[in-house]
Amino acid sequence: MNIFRLAGDLSHVVAVIILLLKIWKTRSCAGISGKSQLLFAIVYLTRYLDLFTTYVSLYNSIMKILFLSASGATLYFMYGKFRGTYDHNHDTFRIEFLLIPCGLLSLVINHEFTVMEILWTFSIYLESVAILPQLFMVSKTGEAESITSHYLFALGSYRALYLLNWIHRYIAESHYDLIAIFAGIVQTILYCDFFYLYITKVLKGKKLQLPA
């Protein structure tokens, strides 16, 4: 544990809280991609299966339970309780174009050819691109609500901070994970345009719009 990982985890938690509060307080899933949320749920399920087999620390277990529970709640809101507010018409990204390549890549490039390791690797690859349906939806609708923009910024910050965590670990411990680093770089690049628009528009009180 170091300051960058802790900050990354906190940013991730903040993103989840913002999303759930947004849906609950407005009683609406408008502007949220159900497909991205489904992909994140798959990420957590495949990554945190070791919750039932391996104990690392109380902190680690709490975080895993938190993300699994929050993801389940989000899907329930979107496809259950508030499904009438979910905009299916604009959430049209073909997620099979993400799932299949990530699955194949995890079978080819991994640290160890075991079920748990392949599932973990798959979750890392998938997380790096899971936000694409959400960004596609924002681009298609032309704009995003401020609260949705805050959620995306917190989520993007989480991965950027984790990149700093890997740099710190390499310097301090001579430890690195090329799969996690590569996926983190890809994910951070996907957020670059969004970060720029967030800083230049949302923080100045303007609506966020992504180029079509």
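Which helices are included in what covers the buried residues of α5? The close-ups below are taken from a predicted model.

**View 1. Helix α5 and its cover.** Helix α5 runs over residues 115-129. Its 15 residues reach 22 Å from first C-alpha to last, close to the 21 Å expected. Ile118 is buried, and so is each residue from Thr121 through Phe122, Ser123, Ile124, Tyr125, Leu126, Glu127 and Ser128 to Val129. The cover over these buried residues includes α1 (3-26), α2 (34-47) and α4 (96-108). It also includes α6 (132-141), α7 (146-173) and α8 (178-200).

**View 2. The largest nonpolar core.** This core has 46 residues. Ile23, Phe40, Phe67, Leu126, Ile131, Tyr151 and Leu155 have the most contacts inside it. Helices α1, α2, α3 (58-81), α4, α5, α6, α7 and α8 each give two or more residues to the core. Leu126 also belongs to the buried residues of α5.

**View 3. A tilted aromatic pair.** The whole structure holds 11 aromatic pairs. One of them joins Phe77 and Phe82, with 5.5 Å centre to centre and 40° between the planes. Phe77 counts as buried because its relative accessibility is 11%, under the 20% cut-off. Phe82 counts as buried at 7%.

View 4. Phe77 and Phe82 form one aromatic cluster with Trp24 and Tyr76. Arg27 lies over the face of Trp24, at 4.3 Å from the ring centre.

Conventions
Residues numbered from 1 in each chain as written. Predicted model: local features only at pLDDT ≥ 70, side-chain atom pairs only at ≥ 80, totals over all residues. Heavy atoms only, no water. Helix = DSSP H or I, 4+ residues; strand = E, 2+ residues; numbered from the N terminus. Expected span 1.5 Å × (residues − 1). Buried < 20%, exposed > 50% of the residue type's maximum accessible area, 1.4 Å probe, protein only. Contact = heavy atoms within 4.5 Å. Phe/Tyr/Trp six-rings, centres within 6.5 Å; stacked < 30°, edge-to-face > 60°. Lys NZ or Arg CZ within 6 Å of the ring centre and 35° of its normal. Core = buried A, V, L, I, M, F, W, Y, C linked by side-chain atoms within 4.5 Å.
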